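Please take a moment to look over the chain that follows, and keep it at hand while you read. The paragraphs below go through a few strands and helices, one after another.

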Amino acid sequence: MKTIMKRALCGAILFGSCLPALEITPVPAGFRVRSRSMELTIRRGTIIELRDVRNGAVWSDARRRTGAFPRGLGIIRSLSALRRGHMLWGVEAMNRHISPDFPRTNYFLPDRRSKFDLTRSGDLWTARWQGLNNGDEFLPDASWAYTFREGDDGRIGIQIEGNYPGGKVFGAALPLANVDPSSELLIPYCGGRVFGQGKPSVQSFSQAPRLDAPIGIFMKPGRTLAMWMEDATWRPHYLFFRRTEAGFGLTMEVNPLMPFEKRTNVSTPVIWIQTFDGDWRTAAAPYRNWYRKVFSREMAARDAITWAGNIFGSTRNISWMATDQDLDDLMRFFPRDSIIIMEYNARTPGWDKELPDWTPRPGYLEFVRRAKKHGLKTMAYMNICCANYDCPVWRRDRLSDFFLTRKNRLQNYKMADSSRKERVNDLFSGTVDYADGPDQFKNIQPGKLLYGDLLSKGWREYHANMMKWWHETTGTDANYEDTAGTTNDHGNGVIDGLSAGMGDTEQMRLLLKTQPVPMTGEFAPAAIAFGLHWVMSSPAAFGSVKYLRGRLHSHRPLSAYLFGVRPFTQPKRGYDNMYRHLQLAYADACGGFGVIPIEFYLGRTKEEIEHDYSMEGHAFRRAVLFAEKKLKPYFDDPAPYPPHLISRYKGTDGIYSYFDNGTLQEMHSPAGIPVYGRVNGTEEVETTLWIPGWPYRKGNRIFGLNPKMSYALFPRNGDCVSPDADPPEIKPGVRVRQYWKTPHVTYLLLSDEAASVARISAPAPEPYLVPRLEIGLASQTPRPLSSVPKDKDWSRLPQGYSTVVWPIAVKNKSAVLEVEVRDKANIHTHPHDGTVFTLKIDGKTVERHDTALRKKLKWTADREQRRLMFDLTPRKWRIPLAPYDGKTILVTLETSPAENRVADRPQVRMALLPGGK
């Protein structure tokens with residue numbers, strides 16, 4: 001190989017030295033490619049070094065020896081390794097990553113036995129290896145080729161071709177190894193996310209629905225390196241991020257269409273690599289410009305619906321409960337036509353039932369009319385590709401004639417699940433149960449929810465006509481297309497010249513032509529993003545807590561920059577401060593508008609709302625700011641972003657800037673003044689913003705924070721006065737757990753219990769209720785339990801955290817404290833997880849009741865089984881007070897919503913009984 005390679009390269013140098021094209025020089029076991037902007041070294045098919053020749057910046061250094069995976073020609077040798085190596089959500093925080101030493105059984109590379117040659121045709125150079133090895137097996141008739149070209153700006157393009165006559169070819173992987181670990185990787189994952197140092201792993205990012213576009217950007221201060229692919233046929237692809245202690249690697253893999261058994265070759269579009277001076281916007285601009293040129297007509301048609309650009313907040317699911325007064329109450333705070341209501345239950349059939357029956361639910365048309373009268377826009381749940389097999393509409397419209405099921409996916413290729421009732425043919429293994437044999441509906445049970453493939457022209461036309469009918473019938477302003485963006489190769493090959501995600505593109509084009517309404521997708525991959533105004537994102541709805549926490553500070557507005565879409569961030573699962581924090585952080589970082597949890601507004605006075613300093617109160621102020629100032633994502637300033645600047649917004653009064661330093665997040669006004677913020681992951685923070693009522697602050701320094709908690713920050717106003725508890729000095733590491741006051745008690749609970757303060761000014765004739773924030777501060781003014789809404793003689797406590805406080809002077813040895821608690825929640829509402837009641841005397845727990853049986857709390861569709869998850873029997877506790885005779889004691893009943901507050905309805909009744917009763 002060395003002789004052949006040397007002769008070929010010497011000829012290449014002589015032939016190319018007088019042309020303004022790529023220069024190629026030999027190196028041991030490889031060669032070096034140099035353009036006007038950069039130089040990269042390839043050894044045995046892997047890019048092991050890369051530097052910018054204009055400034056000398058070294059991005060990849062072979063001395064780091066990070067390795068690369070995957071790399072080379074993909075040929076199936078292990079089905080289990082194929083599936084394991086192509087995980088959905090293959091991120092380390094979800095424990096779905098690949099080990100760095102994962103065997104490359106299915107990937108073949110050149111080795112010392114390979115025959116090599118280099119040829120030139122015009123400005124193109126092709127390096128070809130004959131004979132490939134996976135570490136255990138050498139295939140002399142397998143070949144691997146790179147064709148190089150240079151772009152106008154010096155970028156290097158690499159096109160891959162791989163062949164193996166034995167078949168089972170499933171991919172071609174271009175690896176870049178040995179990247180400096182001081183850099184960070186930005187990809188359009190869920191709108192845009194940064195990955196940096198952490199646990200050694202290989203993380204896989206599938207194309208839609210999670211990866212919006214085939215581009216990865218390594219970032220250093222003032223400099224970037226990008227790898228991307230321009231392909232309007234949406235060939236299946238993956239990005240793989242390899243992370244080791246030595247450095248990083250990035251692989252772009254392109255897959256041919258399934259099935260792979262007889263597939264003998266794979267070829268890729270051109271994969272471009274380029275270095276840039278500037279931030280991530282500069283690196284993403286080439287792909288952005290290409291995309292906007294290809295879809296210029298479609299994006300112009302989308303943007304012609306101008307009112308969609310004046311939406312600055314969203315809420316959901318209120319048509320079934322919102323009165324005219326409720327709508328008036330909501331619109332007290334927002335300009336007309338600036339808020340859109342998302343209605344998930346606009347159809348008569350139940351959720352996921354009898355699709356695609358779009359019969360409007362009784363009362364929905366009237367609600368649309370009322371919403372418009374109150375200055376609200378409406379949007380309804382649609383579904384772009386799902387149907388319930390053999391339901392009445394299926395039979396009426398003869399969907400069997402044109403519905404196309406999804407037959408396969410790479411993540412479970414040829415995997416038959418023995419738990420399914422139906423026998424599943426290897427070629428029909430996919431996202432739902434499928435029939436055995438060529439009849440795609442054989443053995444499918446009536447009512448089964450099927451995901452369709454939009455390669456079917458009949459379905460595309462049918463859906464577009466149904467959506468046009470819906471709009472004309474209901475007057476709904478916009479459509480939310482659920483499952484839109486689940487773009488992939490579903491195993492149906494080529495139909496009418498279309499394959500993989502091209503059917504999704506054609507469906508979106510047709511919807512743009514047939515209905516003049518804005519559209520939202522569940523996801524926004526490149527195949528459909530040109531037709532979407534907003535993309536629905538529920539960043540707090542899916543994934544482990546570790547995964548969600550990892551997203552709090554890692555998002556960037558990459559997809560918003562590429563496609564002009566805005567996140568439509570649903571206030572789902574805002575169970576606690578961390579979940580709500582993530583929703584708001586994601587919206588701020590990725591260009592999203594106001595997040596409006598409707599329950600925050602209903603049944604509350606204007607004063608209560610404006611003086612609420614919970615995370616929901618923070619969301620309220622943010623939504624009002626976006627609507628009043630008309631804030632929209634702004635990318636036009638060419639100046640590089642300063643440190644920690646994540647995104648910018650243009651408003652009626654200038655440019656707003658959103659900063660995030662990894663713990664503190666702040667939105668700054670055009671004058672540079674923080675207008676709101678959030679903080680977590682630290683014991684103290686420097687900011688001009690406040691946590692109203694926080695007992696520990698000196699100047700701009702807030703301390704005593706719990707790093708595991710999320711705190712909302714507010715501008716200083718009349719409510720932001722220093723507490724008068726005269727709190728004790730605290731040592732570093734001591735955290736505030738609770739701080740609140742009633743007319744009779746000042747209570748400061750610290751992690752250092754010896755320094756805590758419980759000051760009783762006088763006994764109270766009755767208990768007081770202190771609704772608490774998750775961070776332990778009072779969320780509202782404490783009020784007597786006698787003024788709390790009651791169900792007969794039971795007092796209904798608020799959802800979430802609260803404390804019932806009762807300082808009692810014990811004057812009778814026979815006195816008894818009687819406390820009764822119960823949970824009146826709807827236990828069938830997913831994911832209700834009970835309430836925890838804790839009764840304390842002078843801070844010591846005397847009784848505790850958890851209404852959920854944690855070991856049995858595993859959700860099921862069986863309603864009777866759900867009853868077994870909870871203990872709803874009321875608890876009555878009788879506490880003799882003789883040990884406290886002659887003392888004033890502090891009785892507290894604390895309620896906790898466990899992990900979430902969905903359907904919580906805790907109640908209590910308390911009494912001080914004389915002796916003998």
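How many bridges join strand E51 to strand E54? There are 6 bridges between E51 and E54 (residues 875-880), and these two strands run antiparallel; strands are said to pair if DSSP finds at least two bridges between them. This is a predicted model, in which local features need pLDDT of at least 70 and side-chain atom pairs count only at pLDDT 80 or more, while totals for chains, interfaces and linings use all residues. Residues are numbered from 1 along each chain as its sequence is written, and side-chain values use heavy atoms, with hydrogens and water left out. Helices (H or I, at least four residues) and strands (E, at least two) are DSSP runs, numbered from the N terminus.

In E51 (residues 816-823), 8 of 8 residues are buried, where buried means under 20% relative accessible area, with a 1.4 Å probe and protein chains only. Val816, Glu818, Glu820 and Arg822 lie on one side of E51, and Leu817, Val819, Val821 and Asp823 on the other.

Now turn to another part of the chain. Because 5 of the 5 residues of E23 are buried, this strand is largely enclosed by the rest of the structure. E23 is joined to strand E22 (residues 313-316) by 4 bridges in the parallel sense, and E23 also pairs with E24 over 4 bridges, likewise parallel. Together, E23, H6 and E24 make a right-handed β-α-β unit, a crossover being right-handed if, with the strands pointing away from the viewer, the path from the first strand over the helix to the second runs clockwise.

The helix of this unit, H6 (residues 364-373), has Tyr364, Phe367, Val368, Arg370 and Ala371 as its buried residues. Seen down the axis of H6, these buried residues fall within an arc of 165 degrees, so they line one face of the helix; the arc is that of the directions from the helix axis to the C-beta atoms. What covers them includes helix H5 (324-330), strand E23 (339-343), strand E24 (377-383) and helix H8 (457-474). After H6 comes Gly375, whose phi is positive, near 85 degrees.

Technical notes
Buried means under 20% relative accessible area, exposed over 50%, partly exposed in between (1.4 Å probe, protein chains only). Contact means heavy atoms within 4.5 Å.
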